[in-house]
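Open the structure in your viewer and keep the selection tool handy. We will go from stop to stop, and at each one you will hear what to select and what is there.

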Amino acid sequence: MRSFPADLAEAQQEWSATYQQLADQPGRTKLRRRLYRLSVQVFFHPYWQQQRPSPAAWQELRSLGLSDRDST
């Protein structure tokens, strides 16, 4: 498994939590805006500047965000 920077992993965890909140409360503008900002933060993180992530890297990062959310 890859080692992601702490701020990237945290942003993905926040993204996952916000996505779930939005699923539970659809139409919430504040949550949609937060999800958008987090998406930009994750997608354009400096970690990805050397090479765009492969689908496997995205999946690892996403599962990291989901597993940490589920364990709380």
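**Stop 1: colour by confidence.** This is a predicted model, so begin by colouring the chain by pLDDT. The protein has a mean pLDDT of 87, and 90% of its residues reach 70 or more. Which element has the lowest mean pLDDT? Select residues 55-70: this is helix α3, with a mean of 78, the lowest among the elements, whereas α2 has the highest, 95. Where pLDDT is low, the predicted coordinates should not be read in detail.

**Stop 2: the helix pair.** Now select residues 6-24, which form helix α1, together with residues 29-43, which form helix α2. Two packed helices are described by the angle between their axes and the distance between the axes. Here the axes come within 9 Å and cross at roughly 155°. Because angles over 145 degrees count as roughly antiparallel, α1 is roughly antiparallel to α2. Turn the view and you can follow α1 as it passes α2 in a left-handed crossing.

**Stop 3: the contact.** Show side chains next. Which residues of α1 meet α2? On the α1 side, pick out Leu 8, Ala 11, Gln 12, Glu 14, Trp 15, Thr 18, Tyr 19, Gln 21 and Leu 22. They meet Leu 31, Arg 32, Arg 34, Leu 35, Leu 38, Ser 39, Gln 41 and Val 42 in α2. Colour this contact by residue class and you will find nine nonpolar, five polar and three charged residues.

Stop 4: Ala 17 is partly exposed, with a relative accessible area of 28%.

Then go to Tyr 36 in helix α2. Is Tyr 36 buried or exposed? Its relative accessible area is 59%, so Tyr 36 is exposed.

**Stop 5: the loop.** Select Pro 46, found in the loop between α2 and α3. Pro 46 is exposed, at 53% relative accessible area. C-alpha to C-alpha, Pro 46 lies 13 Å from Ala 11, and the two are 35 residues apart in sequence.

**Stop 6: helix α3.** Finish with Leu 66, in helix α3. Leu 66 counts as partly exposed, at 24% relative accessibility. Leu 66 and Arg 2 are 64 residues apart in sequence, and their C-alpha atoms are 15 Å apart in space.

Methods:
Residues numbered from 1 in each chain as written. Predicted model: local features only at pLDDT ≥ 70, side-chain atom pairs only at ≥ 80, totals over all residues. Heavy atoms only, no water. Axes fitted to C-alpha atoms, helices over the stretch in contact; angles between N-to-C directions. Helix = DSSP H or I, 4+ residues; strand = E, 2+ residues; numbered from the N terminus. Parallel < 35°, antiparallel > 145°, perpendicular 65-115°, else oblique. Left-handed = near helix turned anticlockwise from the far one by under 90°. Contact = heavy atoms within 4.5 Å. Nonpolar A, V, L, I, M, F, W, Y, C, P; charged D, E, K, R; others polar. Buried < 20%, exposed > 50% of the residue type's maximum accessible area, 1.4 Å probe, protein only. pLDDT = per-residue confidence, 0-100.
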